[in-house]
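The sequence and structure are shown first.

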Amino acid sequence: MKAALNETSILQGLARNDRKAVETIYKEHFNMVQALVVNNSGTAEDAKDIFQEALVVLYEKVTAGGFELHCQLKTYLYSVSRRLWLKRLLHQNRFITGEAHGETVPVEEDLDTHEQRNQDFELMEKALGGLGEPCRSLLEAFYLQKKGMQEIAAAFGYTNADNAKNQKYKCLMRLKKLFFSQYKHEL
């Protein structure tokens, strides 16, 4: 409830050209858009352009009057930014990773999917938090830092890459068990 009131005041500030509202939107949401763009064939400069365009769309909607936000502000900005970036990539004959060239998704489905993905990421973060060491560090080294098994074996003190791979598998199974136990509990 408090977040919704805060977002409402931010949107009202945006409609009044309040610099503080714009700065708040940048501070809270730019990194998300930058990750979207950079992870899908873009640069930091592209991300700035896309975020700026998304803000213009939001500003025009808010100042036109009658605009009602039926999701979180970050979800709206993500969706608009994603559409803008997809358009730009299609115009440049490039593609977003994992998406077909002509695929279009209605905004409502897109927003629902994004919300579900956020909830899943939060559950995964909880599961990772409950995993403990060295499993958490090992999985982060492999999946996030993109380290090879040989490098992981050396860093974690395993005798060889096969032992590190075996331990990674065990850790992944523990994480999977934690995640799905939380997932079932959330339903």
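## Overall architecture

The secondary structure of this predicted model consists of 8 helices and 0 strands. Along the sequence, the elements follow the order α-α-α-α-α-α-α-α.

The chain has 187 residues, of which 32% count as buried. Of the contacts between residues at least 6 apart in sequence, 61% join residues at least 24 apart.

## Nonpolar cores

The largest nonpolar core holds 22 residues, and those touching the most other members are Ile-25, Val-37, Ile-50, Phe-51, Leu-58, Leu-73 and Leu-77. Two or more residues of this core come from each of α1 (2-15), α2 (19-38), α3 (44-64) and α4 (73-91). A separate, second core comprises 9 residues, among them Ala-127, Leu-128, Leu-175 and Phe-179. In soluble globular proteins, nonpolar side chains tend to be buried together.

Which residues does Leu-73 touch, leaving aside those up to four places away in sequence? Its partners are Glu-7, Ile-10, Leu-11, Ile-25, His-29 and Leu-58.

## Packing of α2 against α3

Helices α2 and α3 pack with their axes 9 Å apart, at an angle of about 130 degrees. Because this angle lies between 115 and 145 degrees, α2 is oblique to α3. The crossing of the two helices, α2 and α3, is right-handed.

On the α2 side, the contact is formed by Val-22, Ile-25, Tyr-26, His-29, Phe-30, Val-33, Gln-34, Val-37 and Val-38. The α3 side contributes Ala-44, Asp-46, Ala-47, Lys-48, Ile-50, Phe-51, Gln-52, Leu-55 and Leu-58. Sorted by class, the contact of α2 with α3 contains 13 nonpolar, 3 polar and 2 charged residues.

## Packing of α2 against α4

The axes of α2 and α4 cross at roughly 40 degrees and come within 10 Å. This arrangement makes α2 oblique to α4. Here, too, the handedness can be stated: α2 passes α4 in a right-handed crossing.

Helix α2 makes this contact through Ile-25, His-29, Met-32, Val-33, Leu-36 and Val-37. The residues of α4 that take part are Leu-73, Lys-74, Leu-77, Tyr-78, Ser-81, Arg-82 and Trp-85. By class, the contact of α2 with α4 has 9 nonpolar, 2 polar and 2 charged residues.

Ser-79 is also located in helix α4. Is Ser-79 buried or exposed? Its relative accessibility is 5%, so Ser-79 counts as buried. Ser-79 and Val-33 are separated by 46 residues in sequence, and their C-alpha atoms are 9.5 Å apart in space.

## Backbone features in the loops

Most residues other than glycine have a negative phi, and most peptide bonds are trans. Asn-17, although not a glycine, has a positive phi of about 60 degrees. Asn-17 lies in the loop between α1 and α2, and its relative accessibility of 55% means that Asn-17 counts as exposed.

Ser-41 likewise is not a glycine, yet has a positive phi of about 70 degrees. Ser-41 is found in the loop between α2 and α3. With a relative accessible area of 42%, Ser-41 is partly exposed.

Where is the cis peptide bond involving Pro-134? The bond runs from Glu-133 to Pro-134, with omega near 0 degrees. Pro-134 is situated in the loop between α5 (107-131) and α6 (135-144).

Methods
Residues are numbered from 1 along each chain as its sequence is written. This is a predicted model: local features need pLDDT of at least 70, side-chain atom pairs count only at pLDDT 80 or more; totals for chains, interfaces and linings use all residues. Side-chain values use heavy atoms; hydrogens and water are left out. A nonpolar core is a set of buried Ala, Val, Leu, Ile, Met, Phe, Trp, Tyr and Cys residues joined through side-chain atoms within 4.5 Å. Buried means under 20% relative accessible area, exposed over 50%, partly exposed in between (1.4 Å probe, protein chains only). Helices (H or I, at least four residues) and strands (E, at least two) are DSSP runs, numbered from the N terminus. Contact means heavy atoms within 4.5 Å. Axes are lines fitted to C-alpha atoms, for helices over the stretch in contact, and angles run from 0 to 180 degrees between N-to-C directions. Angles under 35 degrees count as roughly parallel, over 145 as roughly antiparallel, 65 to 115 as roughly perpendicular and the rest as oblique. A crossing is left-handed if the near helix is turned anticlockwise from the far one by less than a right angle, and right-handed if clockwise. Ala, Val, Leu, Ile, Met, Phe, Trp, Tyr, Cys and Pro count as nonpolar, Asp, Glu, Lys and Arg as charged, and the others, Gly among them, as polar.
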